[in-house]
Protein chains: 2
Amino acid sequence: MSETVVVIYSGGMDSFTLLHRAISRGFSVHALSFDYGQRHVRELDCARSVCQKAGVPHQIIDITSLGAVMAGSALTGGTVVPEGHYAEESMKATVVPNRNMILLSLATGYAVTNEASAVWYGAHGGDHAIYPDCRPEFVERMDAVCRIANYQPVRIEAPYIAADKTQILAEGLAMGLDYGETWTCYNGRKLACGRCGSCQERLEAFANHGLRDPLPYEEQA
Amino acid sequence: MSETVVVIYSGGMDSFTLLHRAISRGFSVHALSFDYGQRHVRELDCARSVCQKAGVPHQIIDITSLGAVMAGSALTGGTVVPEGHYAEESMKATVVPNRNMILLSLATGYAVTNEASAVWYGAHGGDHAIYPDCRPEFVERMDAVCRIANYQPVRIEAPYIAADKTQILAEGLAMGLDYGETWTCYNGRKLACGRCGSCQERLEAFANHGLRDPLPYEEQA
């Protein structure tokens, strides 16, 4: 019987690739997504669709009521998402307070309930300078506490922690994944904007492979 | 200007005493309670009332929608609460998967938003053998990760970690606290049952002080 792993799956490129890495390696996979009232709700639609097609159990946990905890974040409020490539100050404004610890804690509870031995999430090297909860030391310390917080030890792993988006995309392309099934833009409009930090990082990754992004963008309309 | 501390306040004896320790030591206190659909909702009523009278900012975070994560716990389901003093097997059945890590993660996010430097919670020595997330090592590892998970470090402290309920009660009595303003029984009836593990531990603490518990019990009706 194969090992069960919970993969935190947002619907974006990195966790989409991670989900398929888990599947391809023979794990019994449970996909876990979070609805925290994010503006880019399209990513959850992508997540549902991908899991349904892949036959992967998928749970979306609704944490929109935790507004008081996450007050002040551009990810859920009405403010405009800062444009421009990961300018350090503008990206700091979009950090949801303690978000990854909250999501990983919930995922660990879910792992215990489902007898999973590990939780995977898609933090990667490009995030280190910006998000404290995407750094190697954070992953190590979360792993340390999740191993002892319950009778059932749960490991916390970030398989892409030393990779960048270009390398993650390389793995997915090698697996033949269709990135048209992912959503990245922080704005929740019909087409991706191509201008926010996330869109620019995504476009750069495709450009580094000499490929066109399968998702349509506003500037092309 | 005094240091701001978030105290996780359930409405029970231990966190009630802890809340007043923080107030008496001159901290700027934010009380944080959680509604996770617990059967003993009276404790939240106590929490509201105490905070209102003490003039302490109080936030109740509603996490009842996290039912899928907490599936299988007697604390929120319809099963009968096991009777008898902390019999190890029966108490294990009431452990909410990864509960304290989830609550502490949310509290840490709340602390960041409110510029608090620490989160206090009431885990004590009597819980060690039963709840992994009430043990000293767990507190140390949560503290280690909460110090680095955000730009603002947050300490995790359990001031009663080496104390038992009798000692905690001693501190509260010395502060002149009225334990009629707390709720302990796991059953959500009008009077405390006096038979569940929690009631028995509470009654034992009062007995150790040669005092009568100010709360009325069913057997006395």
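The dialogue takes the interface, then the sheet.

Guide: This is a predicted model, where local features need pLDDT of at least 70 and side-chain atom pairs count only at pLDDT 80 or more, while totals for chains, interfaces and linings use all residues. Residues are numbered from 1 along each chain as its sequence is written, chains are lettered from A in the order in which they are written, and side-chain values use heavy atoms, without hydrogens and water.

Visitor: What is the area buried between chain A and chain B?

Guide: Interface size is often given as the accessible area lost when the parts come together. Here that area (1.4 Å probe, summed over both parts) is about 3200 Å², with 68% from carbon and sulfur atoms. Contact (heavy atoms within 4.5 Å) takes in 38 residues from chain A and 38 residues from chain B.

Visitor: How many salt bridges are there between chain A and chain B?

Guide: The count is zero, taking a side-chain nitrogen of Lys or Arg within 4 Å of a carboxyl oxygen of Asp or Glu.

Visitor: In what order do the strands of chain B lie?

Guide: Strands of a sheet pair through backbone hydrogen bonds, either parallel or antiparallel. In chain B, five strands (DSSP E runs of at least two residues), paired where DSSP finds at least two bridges, form an open parallel sheet in the order β3-β2-β1-β4-β5. β3 (58–62) and β5 (155–157) of chain B are at the edges with a single partner strand each, so one side of each has no neighbour in the sheet.

Terms used
Buried area = accessible area lost by both parts, 1.4 Å probe. Helix = DSSP H or I, 4+ residues; strand = E, 2+ residues; numbered from the N terminus.
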